[in-house]
Amino acid sequence: MPAEPRKPRIIALINHLTFDGHPSKLTLTLNEILPRYEQQADIQIVETSVDKLLATAKSIEREQRADILICSGASAEFLRKKISITILSFRMGEYDLIRAINLAKERGTKAGILTHQRTLKELEEMSSLFTVEVSQAIYTSLQDAREKVRTFVDQGYRVIIGSPTVVELAEAAGAEGVFAINADAVRLTLDDALAICHSRAAEAQRHRRIHAVLKNLNEGVIALDATGTVFSVNNSMNTLLQPDQPISIGDRAIEHFPDIDIEGVLTTGTSIESHLSSRGSQRLAISVLPIMEGGQIDGAILTCQEIREIQRAERRLRSQSRPSHFIARYHFEQLTGEEHTFQQAVRLAKLYAHSNSTVLITGETGTGKELFAQSIHNASNRQQMPFVAINCAAFPETLLESELFGYDEGAFTGSRKGGKPGLFEAAHNGTIFLDEIGDMPIHLQTRLLRVLQERQVLRLGGSEPTPINIRVIAATHRDLQQEIANNRFREDLFYRLNILRISVPPLRQRASDIPHLTKLLTKNLAGGNIDREQAANEILNTLMPRLMNHKWSGNIRELENLIERAFLMSQFPGESQPLEALFPELFSAPTEHHAMLNAPKESLHNFGKAAEITLIQETLDAHDGDMAKTAKALGISRSTLWRRLRQPQAKTQN
């Protein structure tokens, strides 16, 4: 169980001109009242002489015996300048004064009221109601009080009202001293003292809770009161800063952070966020946030983090929150092909994966430029970071700008509350792939150039740029130098992009790779169903000569389309359709080989007998020697096929 909270400790310090051991009137009044407070506080009475007042108060302070001291007005004013304990003075109420003036009336004399440093304005307002002459005077020191009392006595004032010290001086001068503080006034003063103690206890409890939270934080944190004084500091702060003099409770924060405008935060309530500060070899981010209580600035929280730790945390958060569509799926092992120019492109891409420089990939539509980009990313040291791809030709110009660079709240009508980060920010520490860069509008090319130069991105409607660490891979099917000549592409951007260059060859220049690509794509499409895979391969084998000699305007993408069509056809053998109907692009115009095979014999020298016989033999092998299927695949009659095979060149090869 938690320990019982300590009761407030209050000392009433009563001073006499010369203390002879007899209790004062104020002591007697206090002794009557204190039993009512014994459950609420520890209240003691300490009596002393005037000449020992300061020594007694300092002894109480040194021994930490009291939370609050209560004295008469003059003593309180004197001690406040000498010790740090909170000091209250006994109140003097209107009722006390009226009672004392009535006593003067009974004595048939004038009444003098002597107060410390200030007169009682409320008494002046009531003076017309009194039936006796009343005069007020103030004193500033013991000697001054003695002289003022003598003046009152000399002027015929036989009743003098004031503090215990004034009462003693009056009686020593032959007048009647009236103590102007009754039991009600004492109770009010004690209640004030208790209220202050309870408020402090609540504040101390709040500080303990804050400290309990702060000590478990990894970042360095100190809590400041409204004066900029430290009332809580966690171990992480001193561990992080490693100062010559550790930060301690009670220190002035400005002494440890002279480059931070802490006073400005406590005065204006304007926070400081992520102020960069250097301490030796360390780079720190320091923030100061005001604590508001009831609309007033009640203090501040100062936090301190090492920049490297912030960056590590940022990387963890980005990695955990990375959307699935920001992941590269392809690797170099999936780039299939034996043709020399294709293999050369792959070797270059593998080499470039070890660099952070910008890569420009050129090639016709459908040649697999994004596969190269993803493979480069997955073979680089950024492979665990985002891969963000955007097709610059697929977005309207206005949307492309906000998608790439993001926007702040209120940047345009309909913008998301709180704004939205752009794809450049999403790609931080990873790779951004700008496909079809040649189709980017010219004014966005200017903004892109700045991003590549500065490695900073400015959101639409924003004023503060965001630093980014990205690797850029761009791709295009256009001739960018021709686009530059036509004023559709910036020359300076071209040279920013054209650092590492890869040219992906079109499929028609890779005819020897088509059989292997066809089988691989069919296997992937079949998803492990061997029967469907074999059925589709039979159709594709029939079409192979035409596949190998097609112009492939759509490259790999067009090949995938044809294979998917063949796969669908193979699933419905009872619904057989002519190949010409299903694959019109392969039969719409005679291929070079088709023209060669149907050409008159006397014109064969225009094509070359070796090429003709090679085509026939490959097609025949693909159909396991079936003459009918081979003739059909080649688009010639069986008799023409026999005639070609019986030529001397064919016999020689056989």
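This is a predicted model: local features need pLDDT of at least 70, side-chain atom pairs count only at pLDDT 80 or more; totals for chains, interfaces and linings use all residues.

Modeller: Residues are numbered from 1 along each chain as its sequence is written, and side-chain values use heavy atoms, with hydrogens and water left out.

Biologist: Which residues of the largest nonpolar core touch the most other members?

Modeller: In soluble globular proteins, nonpolar side chains tend to be buried together. A nonpolar core is a set of buried Ala, Val, Leu, Ile, Met, Phe, Trp, Tyr and Cys residues joined through side-chain atoms within 4.5 Å; buried means under 20% relative accessible area with a 1.4 Å probe, protein chains only. Here the largest core has 31 residues, and Phe 424, Ile 432, Leu 434 and Ile 437 touch the most other members. Among the elements that give two or more residues to this core are β15 (387-391), β18 (431-435) and α17 (442-454). Helix α17 gives the most, with five residues. Helices (H or I, at least four residues) and strands (E, at least two) are DSSP runs, numbered from the N terminus.

Biologist: What does Ile 437 touch?

Modeller: Contact means heavy atoms within 4.5 Å. Leaving aside residues up to four places away in sequence, Ile 437 touches Leu 360, Cys 392, Leu 448, Ala 474, Ala 475, Thr 476, Phe 489 and Leu 497. A second, separate core of 23 residues includes Ile 10 and Val 167.

Biologist: How many aromatic pairs does a search of the whole structure find?

Modeller: Rings of Phe, Tyr and Trp (its six-membered ring) pair if their centres lie within 6.5 Å; planes under 30 degrees apart count as stacked, over 60 as edge-to-face and the rest as tilted. The search finds five pairs. Phe 342 and Phe 372 have ring centres 5.9 Å apart and planes at 80°, so this pair is edge-to-face. Phe 342 lies in helix α13 and Phe 372 in helix α14, so the pair ties together parts 30 residues apart in sequence. Phe 405 and Phe 424 are stacked, at 5.7 Å centre to centre with 15° between the planes.

Biologist: In which sense do strands β9 and β10 pair?

Modeller: Two strands pair if DSSP finds at least two bridges between them. Strand β9 (residues 220-225) and strand β10 (residues 230-233) are antiparallel over three bridges, and Ile 222 stands opposite Val 233 in β10.

How values were computed. Buried means under 20% relative accessible area, exposed over 50%, partly exposed in between (1.4 Å probe, protein chains only).
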